[in-house]
Amino acid sequence: MSGELEQILLQLTQPDNAIIQQATAQLKLAFKDPAIIPALCAVMTGSQNTQVCSELIVAPPSHQIRQSAAVMLRMRVKKHWKKISPDHRESLKAVVLKAFQQETEHTVRHSLSQLSAVMVKHETPDRWPALFTLLNQSTKSNNPMDRQVGLLLLSKVVESNPEPFKPHYRQLLQLFGTVLRDLDNPTAMYYSILTLTAMTAYTGTEEMNLMRSLIPTLIIALRHLIKADQDQASEAMEVFDELMESEVSIMVPHITEIVHFCLEVSADTTLTDSLRVKALSCIAFLIRLKSKTVLKQKLLNPILQTVFPVLSAAPPPGEEDPEDEENSNEDDTDNESPKHFAAQVIDTMALHMPPEKLFHQLMPLTQACLASDNPYERKAGLMCLAVLAEGCADHIRTKMLSSMLQTVCQSLSDSNQVVRSAGLFALGQFSEHLQPEVSKYCAELMPLLLGYMSALNQAKIGHVTKAFYALENFLENLGSEIEPYLPTLMETMLSALSNAENLKLKELAVSAIGAIANAAKEKLVPYFLPVIESLKGFLTDTRDEMRSLQTQALDTLSVLARTIGKEVFSPLAAECVQLGLNLTNTIDDPDLRRCTYSLFSAVSTVSPDCLNPHLTAITTIMLLSLKSTEGVTAHLEEDKTFVLLDDDDDDDEAQGDTILDEEGTDNVDPDIAGFSVENAYIDEKEDTCDALGEIAFNTGVCVCGLAFVSLTMHSVSPSPQFPHEDVLRAAFVAMGQFCRAQHKVWQENPTEADHQALQKLLGVVLPSFLEAVHSERERQVVMGVLEAMNAVLKACQGEALQSPGRLQEISQAIRDVLKKRTVCQDGGGDEADDEEQQAEYDAMLQEFAGEGIPLLASAVPAETFQPYLNELLPLIMNKAKLSYTVADRSFSVGTLGEILQSLVNVSGGRACAGKLSNQLLPVLVAGVRDSDSEVRNNSVFALGALAQAAGPLVARDYPMMLSLFSNLLSKEQDRRVIDNLCAALCRMIMSNMEGVPLEQVFPALLARLPLKEDMEENKTVYSCLAMLYSQNPALVLSQIKPIVSASSHVLGTNDLDTETQNTLVMLLRDVAQRHSKEFEVAMKSLPAEQKMKLTGAVSQS
C-alpha cells in the first residue's frame, strides 16, 4: 500500500486542481484501510521517489513526500490513538524515533518532532523509554548538529505535555545552563529557551534557585540570538512573559539586568519593530507586577531616558504615525509600533506607581519635549500628559490641572496638525478622567471646541474625528453647564445629520448627540423629534456601508432612553425593542448585537413591561453571544495542507473517540500555538453581561422564573475560556445584579421558595466574589468584584450574611485588601517601604474594600460585628495621618463617618459607638483642622455621626466638639463644609439636646441656612427643626424669621425630598395656625414671589 500512498501524496503536490481532487478522493478511501498507519510509516521513513507517473506530474524532492506522510500520520494519531492496536503503537514509537535519527531535512525533522509531541500527549514519557534515551544522547552529543536536532525534539515534546517531564526538570535546567553558553549554536539556544518557556508554569520550589541562576546566562544568550535571527529572538523573549505570568519571583533578583537588556533592545532602531515592541511590553509588564522593586532599584530614570526618544521619534521621511494617517481608524488597537508601546510604558507607570515619585522624574522630560521646536517631540510631550490622566488623576486635579490644561489649550493652536491632534487627544483624556474639576474650565474650553465644530466640512475627517473625541468627552460631564451652548451644538449636529455627505461625519454627529444628551437630559426634549427621525432613517437602511452609523445610532438611542425622560421616551419603547430584535435576526455583527443589547437594557430602565413579551427571545440571543466562540482565532504552528483530508474522515467515529477519552486529551490540539480574540467580540461579551444584569434587575427575575437566573449564572460565571479582564469584571457585576434582582423579587413576593432561591444564589455568588478578591491578578477585576459585593451587601443586608462564617470571610477579605495581601496587590511584597505612597489605583482598590465596612456594620447587630470592626478600624484610621495623601485622609475619615452612621440604626449600635469614641475622637478632631476642605468636610460629618450614634455616651465631649465647631464656623469658607457643620450641630441637638446651649448655637446655625451645596443634609436640618418645635416651641418662635426665610428658598424645589417637604410644611402650617401674628411678621420681610410660594404651600390642605 505504501507505493500507492506515495503516488497519491505526490499527486497532491501538483499545481492542477483536477489531479488534486482525484488524489483527495483516493486518499479518503485509503484512510478507511486499517493498513494506513503502517503505510504512512513506510512512506515517512523510505520515500526516495524519483519516478514520473505521467507527463502531467513533475516529481518533487522526496523530503516533501516524507513531510506530508509525517503530517498526516500526526493527524491520524491525534484523532484515533485509542483505535490503534498496542502492537502498532509500539512499532510506531520505534519507527518515529528511527526516522528522526536518520532524517537530514529540517522541515521533515520538524514534522517528526511534532508527531512525537502528539504521541507524548497519549503515551507519557515513562511509557516511552526509547524517547528518553534518544533525547539524552542527542542533547549531550559532541556534535553541534545532533545537539540542535535533539533540542528541537525536546522542545516539541515538552511543549506538548510539560507535566510528565517534571521529575527531569533539574537535569533539563542543568542542560540548558550548558547549551545557553554555547554561543556559536544560536538555534540550539533557541530550542532550549522554548523548552524553558514551556516548563516555567510547572516549575516547583526545588527548581526555583536553579532557574533563577540561569537568568544572567539567558540574557547573554538572547543578545547573541538577536544577532543571529531576530524572529527567533522575538519568540524566545516570551520566556520573560511566561516567567512573569507564573513565577515572577525568579526574575526579581535580576530585575536590573532584565530591564537594562530590554532597554537596549527598545532603543536599537536597527532591530525589527516586533522585537522592540516585545522588549517594551516586557518592561511594562514588570512595572505592572513589581513597580516597588523597579523604584527601589532606581530603574525609573533609565526607563524614562530610553522610552522618551522612542516616543518622540519622527516617522520615516514621507510617512506618518499610524494614528495621524487620514484614513486611520481610531478604534484600531492593533498598532504594534514601538512608539505606541512606549506610551503604554508611561501609562503603566501612571497606573502602578506613586504619582509623587513618577512626576519628579517624568515632568522635566515632558516639559523639554513640550518646549521643543520638533513637532514630534511636542506631540510626545502631549501624549505623555494624556496617558498620565487616568492613573494619576487625583495628583493632577489637586496640584497641576490649571498649568496642564493651559499647555493642552495652547497646543490646539499649534502650527502643526500632528501636535494639534495630540492636544485634542489629551483634552479628551483629561475630560474623561479629571472630573469634576475640568468642567469648571468650561468658559475657556467650549469656545475652542466650538471653533473646531464651525469648520467641520473644511478639515480632514481624520482630524475632525479627534476633535469630536475631545468635544464628546468634555460635554458628557458638563451637566447643566451645557445649557448656554445647547442651541449652537444641536444646530451643528442636526445640520451634519441632514446635509453631510460623509457617512463618518454623520456617525460622529450621532455619537456627539449621545454625549450632549448625557449632560442636557430633559433639556434636549425640543430637539428630540428631529433626532429620532434621523436615527430611524439610519436604523432602517440595511446597506453594508451603513453598519458603523447604525451601530452608533443604536448607542445614542440607548442614551436618549436613559436621559430624555420617561414620559418622552416610553411611547417609543415597544418600537425600540422590536427594532432591536429585527436587527439581531437579520444582521450578523458583534458591534450591532452589543449595541442592541444595550438598547434592551436602557429600555428596561424606562419601560420594563415592553420587554416582558420578548424576554425569552432576548435572553436566548444574549446567552448565545456569551457562549459563542466566534471571533476566537486559533494560531496553528504550520500550514496544515491536509486538514480537509482527515477532518471529515469517519466523523461519527471521531466523535465517539472524544467522548470515550475520559482525560479529554483529544480535545487539545497540539498544533495550536495560541488563541486570539477580536476586540469586537470581547466588547460584545462585556456588554452582554452588563445588559443581562440590568435587565434581570429591572424586569424582575420572576418574569422568566429562576431557571433564567441559573442558566445565566452558568453562562456568566467567570471561566478560563474568556479570561479577558473586561469580560471577567462585567461577569462578576452581572452576578451581583442577579442577587439583587432575586432579593427584590423576594421582597415583593415573600414566599419561602423565593427566599430559598435567593440564598442558593448568594451561596454561589459570594464565595466566587471572595475567591476572586484573593486570587485574581487583575486589579481592575478585583475592584469590580468589590463594587459588586458592596452592592449586594447594600441591597440584601443581613440576608447576604446568613451562611455560617460569611461575615468572617467578607471581613477577612476586606482586611487582606487593606493590608495589601491579595494577589493583585503583589501579595504584600515590600509594602513596608514608603507605605504612605502608593499608586492611585492601589489606593482606590483599598477604598472599594473599605466601603464594605459600613455596609457590614448596618447589616448585623453591633455586638456581632464588633470583633471584626476592632480589627478593621486601625487599618482605616492609620490612613488619616498627615503623611498620607489627601485622598487617603479623606477616605479614612469619610469611612469612619459612614461606619458611625451605620451604627445609628442597628441593635447595640449606641453602646458600640460609645466604646469607640475615645479611639476615634483624636483622629476626627485632627481631621477638622486639616488643610484640605474635603478632609475637613468628612471629619465634621463623622463627628456629627458619632454624636448621633453614641448620644449621651459622648455628652462629656460635647463642650470640646462645640468649641471646635464654633472655631471652624468663624473662619470656614467652603460652603460644603459649612453645610455639614450645620447638619452635625443638628445631629448633636437631636441626640442629646441637654448637652447643647441652644440659645447660642441655634441662632448661629440658622444664620448659615439655606444649605448651598450638600442638599442631602436638608433632611437632617429640617427634622431637627421639627423636633425642636415639638419640644421647645418658644425657642423656635423666637427665631421664626430666619426659619421662614430659609424655608422659602427650599420649599417646592428639588433640594428637599418629599418626606422632608411634608415635615417642613406641617411645621410652618402649625406655626401659622397657632402663632399667626409672629408668622405674618416673619412673612412680611420676604420678597413677593417667595411670600406667595410660602403662602400657597401653607394654605393647601
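This is a predicted model: local features need pLDDT of at least 70, side-chain atom pairs count only at pLDDT 80 or more; totals for chains, interfaces and linings use all residues.
When I say that one residue covers or touches another, contact means heavy atoms within 4.5 Å.

I'll start with the overall picture. The protein has 1101 residues, and 56% of them count as buried. Its secondary structure comes to 55 helices and 2 strands. Among contacts with a separation of 6 or more, 75% are between residues 24 or more positions apart.

Now to helix H17, residues 338–352. What covers its buried residues? The list includes helix H15 (273–296), helix H16 (300–311), helix H18 (355–370) and helix H19 (375–391), and also helix H39 (779–796) and helix H41 (840–850). Of the 15 residues in H17, 12 are buried, so the helix is mostly covered, with buried meaning under 20% relative accessible area. Going along H17, the buried ones are Pro 338, Lys 339, Phe 341, Ala 342, Ala 343, Val 345, Ile 346, Thr 348, Met 349, Ala 350, Leu 351 and His 352. At 1.5 Å a residue, its 15 residues should span 21 Å, and the end C-alpha atoms are 21 Å apart, which agrees.

Lys 290 sits in H15. Is Lys 290 buried or exposed? Its relative accessible area is 13%, so Lys 290 is buried. Setting aside neighbours within four places in sequence, Lys 290 is in contact with Val 248, Val 252, Ile 255 and Asp 826. The other residue is Asp 273, also in helix H15. Asp 273 has 43% relative accessibility and therefore counts as partly exposed. Between Asp 273 and Ser 234 there are 39 residues in sequence and 9.9 Å in space, taken C-alpha to C-alpha.

The crossing of H44 and H45 is left-handed. On the H44 side the contact is made by Val 893, Leu 896, Leu 900 and Leu 903; on the H45 side, by Gly 909, Arg 910, Cys 912, Ala 913, Leu 916, Leu 920, Val 923 and Leu 924. Sorted by class, the contact of H44 with H45 has 10 nonpolar residues, 1 polar and 1 charged.

H52 and H53 pack at about 140°, with axes 12 Å apart. From H52, Ile 1040, Val 1044, Ser 1047 and Val 1050 meet Gln 1061, Leu 1064, Leu 1068 and Val 1071 of H53. The residues of this contact divide into 6 nonpolar, 2 polar and no charged.

Last, some backbone geometry in the loops. Most residues other than glycine have a negative phi, and most peptide bonds are trans.

Two are cis peptide bonds. The bond from Gln 435 to Pro 436 is cis, with omega near 0°. Pro 436 is in the loop between helix H22 (417–433) and helix H23 (442–453). Leu 1009 and Pro 1010 are also joined by a cis peptide bond, with omega about 0°. Pro 1010 belongs to the loop between helix H49 (998–1006) and helix H50 (1018–1031).

The other two are lysines. Lys 521 has phi near 50°, a positive value in a residue other than glycine. The loop holding Lys 521 runs between helix H26 (503–520) and helix H27 (528–539). With a relative accessible area of 38%, Lys 521 is partly exposed. Lys 820 is not a glycine either, and its phi is positive at about 60°. Lys 820 lies in the loop between helix H40 (806–818) and H41. At 8% relative accessible area, Lys 820 is buried.

That is the end of my tour.

Definitions and conventions. Residues are numbered from 1 along each chain as its sequence is written. Side-chain values use heavy atoms; hydrogens and water are left out. Axes are lines fitted to C-alpha atoms, for helices over the stretch in contact, and angles run from 0 to 180 degrees between N-to-C directions. Helices (H or I, at least four residues) and strands (E, at least two) are DSSP runs, numbered from the N terminus. Ala, Val, Leu, Ile, Met, Phe, Trp, Tyr, Cys and Pro count as nonpolar, Asp, Glu, Lys and Arg as charged, and the others, Gly among them, as polar. The expected span of a helix is 1.5 Å times one less than its number of residues. Buried means under 20% relative accessible area, exposed over 50%, partly exposed in between (1.4 Å probe, protein chains only). A crossing is left-handed if the near helix is turned anticlockwise from the far one by less than a right angle, and right-handed if clockwise.
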